[in-house]
Amino acid sequence: MGILGLSKLIADIAPQAVKEMEIKNYFGRKIAIDASMSLYQFLIAVRSEGAQLVSVDGETTSHLMGTFYRTIRLVENGIKPVYIFDGKPPDMKSHQLTKRAEKREEAEKELQKATEAGDQASIDKFNRRLVKVTRQHGEEARELLKLMGVPVVEAPCEAEAQCAALVKAGKVFATATEDMDALTFGANVLLRHLTFSEARKMPVQEFHLNNVLSGLELSQKEFIDLCILLGCDYCGSLRGVGPKRAIELIKQHRSLEEIMRNIDTNKYQPPENWDYENARRLFMEPEVKDPKDIELKWCDPDEEGLVKFLCGDRQFNEERVRNGAKKLLKARSGTTQGRLDGFFTITSSPNPKRKSEDVKKNAAKKMKSGGSGRGRKPK
């Protein structure tokens, strides 16, 4: 779910915190990708276009097709991706998982009704709601990425938190996900739409946390409290408080504790046993692997291993798989030098020749306009 309404709130109040970029701007950058979000996008996209791609045994392969070809596109653009996989969800997320299960049950009932009525639009809508990334999807994607020579990290808990830790430690430039809570976990740079910007002909949205905080005029702790008020995965929020009212309350009272002391709880009802303190703690001190213990290593692809894994029962075209492996190998050799700004500091020192020319031009302008300006009639 991420944080409800946060991206729009930032766009409205702190638009300078968001840049629109092209994928080519990330040449040579190491970027942590939220794997579960990526797999979900593949499953949803293929489902919305028709039946899922499957193996001879009827097992879904859409997530493998998406991971293979999209990762190749990223690498061809000079990006060094590292995929971060979710571990166990925190206990506080159980209420959200229960809600999702209830929504899936409801979607199954609605799907049955739509099928009986022959309503194709509703069938497609409820089919999408039933898409779920399973443990098997994750295991297969990890195996594929390793054969492609792309590093994977298995987070002990939330992938977004592990992505943020890698960004803060300087191991990667940014985290790529559609969930805005990467900022709540403290990622300095968040990229939205990166993994599908080319396919959908849309720009990458680049959020800078420092600019978000300065634009909203909040500290990181106050920003976390704002995110909890907006609605997060770990607890409910105050009934009747939308984004505009949430930012007003945080700016006025500066903490959830002060808000609770000063608002009318009959008008703005908190959830029963509202445990916002622990939700805040999960954002401030999430369970992550120490980035110092994580080695990110990109390797040459295993072409024969990829053919064995993807072709045969999974029914991928061998020629395309081999071509993909060759593209990975070629792109790797082309990005080993990395970005120039990693080696040099760009200064604004003027070119001496250019400076001399500018001085001459300015002097000529003064001569044409009557010398230094003395003796002119006042306007």
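A residue is called buried under 20% relative accessible area, exposed over 50% and partly exposed in between, with a 1.4 Å probe and protein chains only. The model is predicted, and local features need pLDDT of at least 70, side-chain atom pairs count only at pLDDT 80 or more, and totals for chains, interfaces and linings use all residues. Residues are numbered from 1 along each chain as its sequence is written, and side-chain values use heavy atoms, with hydrogens and water left out.

By the accessibility criterion, Cys299 is partly exposed at a relative accessible area of 33%, whereas Cys232 is buried at 3%. A disulfide is taken as a pair of cysteine sulfur atoms within 2.5 Å, and the count under this rule is zero. For Cys232, the closest cysteine sulfur belongs to Cys235 and lies 4.4 Å away, which is too far for a bond.

Nonpolar cores were defined as sets of buried Ala, Val, Leu, Ile, Met, Phe, Trp, Tyr and Cys residues joined through side-chain atoms within 4.5 Å. The largest such core has 45 residues, and the members with the most contacts inside it are Ile10, Leu183, Phe223, Leu226, Ile228 and Leu229. Elements giving two or more residues to this core include helix H1 (6-13), helix H7 (159-168), H10 and helix H13 (276-284); helices are DSSP runs of H or I with at least four residues, numbered from the N terminus. The highest contribution, seven residues, comes from H10. Contact means heavy atoms within 4.5 Å; with neighbours within four places in sequence left aside, Leu229 is in contact with Ser237, Leu238, Ala246, Leu249, Ile250, Leu256, Ile259 and Trp274. A second, separate core contains 38 residues, among them Leu64, Val150, Val152 and Ala174.

Leu218 is located in the loop between helix H9 (209-216) and helix H10 (220-230). Leu218 is buried, at a relative accessible area of 8%. When residues up to four places away in sequence are not counted, Leu218 touches Leu213, Phe223, Leu226, Ile247, Ile250, Lys251 and Arg254. Of these, Lys251 is 33 residues from Leu218 along the chain, with 7.6 Å between the two C-alpha atoms.

In helix H14 (residues 303-310), the buried residues are Gly305, Leu306, Val307, Phe309 and Leu310. Their cover includes helix H3 (62-76), helix H6 (135-147) and helix H15 (318-334).
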